[in-house]
Amino acid sequence: MNELTQLEAVLAAKIDAADTESALEDVRVSALGKKGVVSERMKTLGKMSPEERKEMGPALNGLKARIADAIETKKIALEDAALEARLASEKVDVTLPVRPEAKGKIHPVSQVTEEIVAIFSAMGFDVAEGPDIEDDFHNFTALNFPPDHPAREMHDTFFFEPKEDGSRMLLRTHTSPVQIRTMMSQKPPIRIIIPGRTFRCDSDQTHTPMFHQVEGLVIDREAHMGHLKGTLEAFVKTFFEIDDVKTRFRPHFFPFTEPSAEMDVQYERVGNEVRFGQGDKWMEILGCGMVHPNVLKNCGLDPDEYQGFAWGMGVDRLAMLKYGIPDLRDFFAADARWLEHYGFDAVDQPNLATGLSR
Ligand code: DAH
């Protein structure tokens, strides 16, 4: 008995001293494991006389139970302490200010694209996208450019090396091929805008070989020039954030629309600044028109059943105009100081409720 009391005191001291879960596990194995001191004692019960067993049995079982209990209690205490330590070390003070050196800015092209998407989303348009590398069919043929038509050359196309069959892939010269992809894969009514990169072999103060467009397309049983004008006029007012701005539509030519027009916006130049909604000058900002019946047919739509309108506008140019940025080439010079000056705060997402360009 005395010996068991002693053993219990030794084990209790070891349990007490174990300061990690693995140290505690070692104590458990050394006491209660298959070859542990307590388990070894239990095995001796079989060889005892019935009288001895009557006494030692309950004593050993009691010891075993108390040791197991003590280990369990200690285990919970160690787990709690570990959790406390972890919580303390991972504590984050969400009230701390933003680190002052975090200087990332949103590029004006991204900002203006987001603004345009916000405006047309509110009008019920979806966003569609397509590949930068196109084939001749989607970029030209399906859009009603006849073979060898000069308009193909007007686009200053970047062509890839001819394939074995003689056909050439190209960098899309406009976002209009996504009109074709959408009409061929979706049933009308269609109401989409198509933001994306476009490419033409051209470079000066207002042209870069890569630039950005947003295309718009509406196809329905009834969609007419009045809808086109209303949509684009509402866009211009919201985009330039002025209630009163005059627009005018001038006849133009695009192979994929009939009739075609260019939309001009009223403006005035004051010093270096372009002011919209005042003055008597007109600035062209986009091309548009009613989708040509041939384009509908090329996409498997019956022009007697469906009609629609479309437009295409340059995002970079709209950004230059709205935010007074003089040279387009700087947009793609990757100059951190330029971005710091012209860029936008990442947390100010453009939306119609709180303002487009706060
Ligand atoms: N794709 C034309 C261009 O890049 C822009 C354009 C004009 C798109 C009229 C249209 C449209 O959808 O209807 O110059």
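How do E7 and E8 pair, and over how many bridges? They pair in the antiparallel sense, over four bridges. Strands (E, at least two residues) and helices (H or I, at least four) are DSSP runs, numbered from the N terminus. Two strands pair if DSSP finds at least two bridges between them.

Some ground rules come next. This is a predicted model, in which local features need pLDDT of at least 70 and side-chain atom pairs count only at pLDDT 80 or more, while totals for chains, interfaces and linings use all residues. Residues are numbered from 1 along each chain as its sequence is written, and side-chain values use heavy atoms, with hydrogens and water left out.

Now zoom out. The domain assignment gives domain 1 (2-89) and domain 2 (108-342). Such bounds come from an automatic or database domain assignment. The C-alpha centres of domain 1 and domain 2 are 79 Å apart.

Return to the E7 and E8 hairpin. Two residues lie between its strands, and Gly271 takes a positive phi near 65 degrees. Across the pair, Tyr267 stands opposite Phe276 in E8. Strand E8 covers residues 273-276. Its covered face has Val274 and Phe276. Its uncovered face has Glu273 and Arg275. In a regular strand the side chains alternate between the two faces of the sheet.

Strand E7 (residues 257-270) also pairs with E9, in the antiparallel sense, over nine bridges. There, Thr257 stands opposite Val291 in E9. E7 holds Pro259. The peptide bond that joins Glu258 and Pro259 is cis, with omega about -5 degrees.

E9 is mostly covered: eight of its eleven residues are buried. Buried means under 20% relative accessible area, exposed means over 50%, and partly exposed lies in between (1.4 Å probe, protein chains only). E9 pairs with E10 too, in the antiparallel sense, over five bridges. Here Gly289 stands opposite Ala310 in E10.

Which strands supply at least two residues each to the shell around the ligand? They are E5 (210-220), E9 (281-291) and E10 (307-314). Of the 15 residues around the ligand, His174, Gln179, Arg200, Gln213 and Glu215 come nearest. By class, the shell has five nonpolar, eight polar and two charged residues. Ala, Val, Leu, Ile, Met, Phe, Trp, Tyr, Cys and Pro count as nonpolar, Asp, Glu, Lys and Arg as charged, and the others, Gly among them, as polar.

Look at single atoms next. An oxygen atom of the ligand is 2.6 Å from an N or O atom in the side chain of Glu215. A ligand nitrogen atom is 2.9 Å from an N or O atom in the side chain of His174. The protein covers 92% of the 350 Å² of accessible area that the ligand has on its own. These areas come from the Shrake-Rupley method with a 1.4 Å probe.

Finally, turn to the loops. The loop between helix H8 (177-185) and strand E4 (190-199) holds Pro189. The peptide bond from Pro188 to Pro189 is cis, with omega near 5 degrees. Asn144 is in the loop between helix H6 (136-139) and helix H7 (150-154). Asn144 has a positive phi of about 75 degrees, although it is not a glycine. Asp148 is in the loop between H6 and H7. Its phi is near 65 degrees, a positive value in a residue other than glycine. Is Asp148 buried or exposed? Asp148 counts as exposed because its relative accessibility is 76%.

Conventions. A residue is near a molecule or strand if one of its heavy atoms lies within 4 Å of it. A polar contact is a pair of N or O atoms within 3.5 Å; within protein, one must be able to donate a hydrogen and the other to accept it, and residues adjacent in sequence count only if both atoms are side-chain atoms.
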